[in-house]
Amino acid sequence: MKENIYVSRGIPGCIKEATSMFHGNLKTIAKQTLWPILCFAISFTVIFFTQIPDKHIYTLGMTHIWYALATMAIAYIALYISAIWLTARIVTLINGMSMKKNFMRCVVPTISTGMLCEVVRLIMFGSIGKFIGNAMSTMGLSPTTMDILNPLIQIAIVLLLVFLLLPFDYVFTKYLIEGKEPLGKNLGTSYVVGIRHWGFLFIANFIPFIILAVMMSVAMLPLTILLIAHIQNTLGIINGDPDGTFSYFLLIFFLISVISFCITTYISLWKFFVSTY
């Protein structure tokens, strides 16, 4: 698949060539990525289920806390391994190198990207965001002022991370596709090139992000409907109402989650092809 990659073209040309390559090799990509995508989707679904409000899952987790922690640890490990496996499969299809070599080269970029996503999540919705709020409360600011400043500071930190780390999209893609030299050898040089073309990288990532957001919203619609129904049912149970779902609802919910995450993961592979061009 390593065709016409090193050709100077604009953003529309990059997207067009990436779409052409992706569409022209749908069956090959689906066949080569089936198992890593399935493992990734199942692992992500397990983690997703630990984050949604559910009385039965909460009770089970508190009753068998060590089993719950072990399940979480296994799910996260499986998630990262399957993500590395999936990335290596795609890179192998593009550069034609051995799967073993690409797997080892994909470890650092994949884990780094996953950790960045986790940091952004913690800043916006998790412990880092709470830490920022607690730090601001010690300054004697009014609640109204804190409500305004806290999300602005969180957004500013995320934007700063995007500014500093966006060039790594070029660094990691060049490192994976060329597959010749170690990551650290030309890290500084590649990063400087990424900084110089920051605007191009931003637009080349922003446009596919919008396209993927629309496509994923459609793909996630069944899961979203089930999630809303599940949350409403859980709130009703907390308020003393009887459980309004059928006995195998969680199983259906789990299967729909796995299918939805499989579809969205497969769709997101298109973005890697855009970065490649």
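Good morning. At 28% relative accessibility, Asn186 counts as partly exposed, a class that lies between buried, under 20% relative accessible area, and exposed, over 50%, with a 1.4 Å probe and protein chains only.

The model is a predicted one, in which local features need pLDDT of at least 70 and side-chain atom pairs count only at pLDDT 80 or more, while totals for chains, interfaces and linings use all residues. Residues are numbered from 1 along each chain as its sequence is written, and side-chain values use heavy atoms, with hydrogens and water left out.

Asn186 sits in the loop between α8 (167-178) and α9. Helices here are DSSP runs of H or I with at least four residues, strands are runs of E with at least two, and both are numbered from the N terminus. Between Asn186 and Val171 there are 8.8 Å in space, C-alpha to C-alpha, although the two are 15 residues apart in sequence. Val171 is also one of the residues touched by Ser190, together with Tyr170 and Lys174, leaving aside residues up to four places away in sequence; contact means heavy atoms within 4.5 Å. Ser190 belongs to helix α9 (residues 187-196) and is buried, its relative accessible area being 9%.

I turn now to the aromatic residues. A search of the whole structure finds 15 aromatic pairs. Rings of Phe, Tyr and Trp (its six-membered ring) pair if their centres lie within 6.5 Å; planes under 30 degrees apart count as stacked, over 60 as edge-to-face, and the rest as tilted. How far apart are the ring centres of Phe44 and Phe261? They are 4.8 Å apart, and the planes stand at 75°, so this pair is edge-to-face. The pair links distant parts of the chain, with Phe44 in helix α2 (residues 26-51) and Phe261 in helix α12 (residues 249-276), 217 residues apart. Phe44 is partly exposed at 34%, whereas Phe261 is buried at 8% relative accessibility. Phe48 and Phe49 also form an edge-to-face pair, because their planes are at 70°, with centres 6.1 Å apart. Both are buried: Phe48 has a relative accessible area of 17% and Phe49 one of 9%.

Next, the interior. A nonpolar core is a set of buried Ala, Val, Leu, Ile, Met, Phe, Trp, Tyr and Cys residues joined through side-chain atoms within 4.5 Å. The largest such core has 43 residues, of which Ile29, Ile90, Phe253, Leu269 and Phe273 touch the most other members. Its largest share, twelve residues, comes from α12. Phe253 touches Phe48 and Phe49, and also Ile52, Leu223, Leu226, Leu227 and His230, not counting residues up to four places away in sequence. A second, separate core of five residues includes Phe40, Ile47, Leu79 and Ala83.

I close with charge. The structure holds one salt bridge, defined as a side-chain nitrogen of Lys or Arg within 4 Å of a carboxyl oxygen of Asp or Glu. Lys271 forms it with Asp169, and the closest N and O atoms are 3.9 Å apart. Lys271 lies in helix α12 and Asp169 in helix α8, so the pair ties together parts 102 residues apart in sequence. Lys271 itself counts as buried, at 16% relative accessibility.
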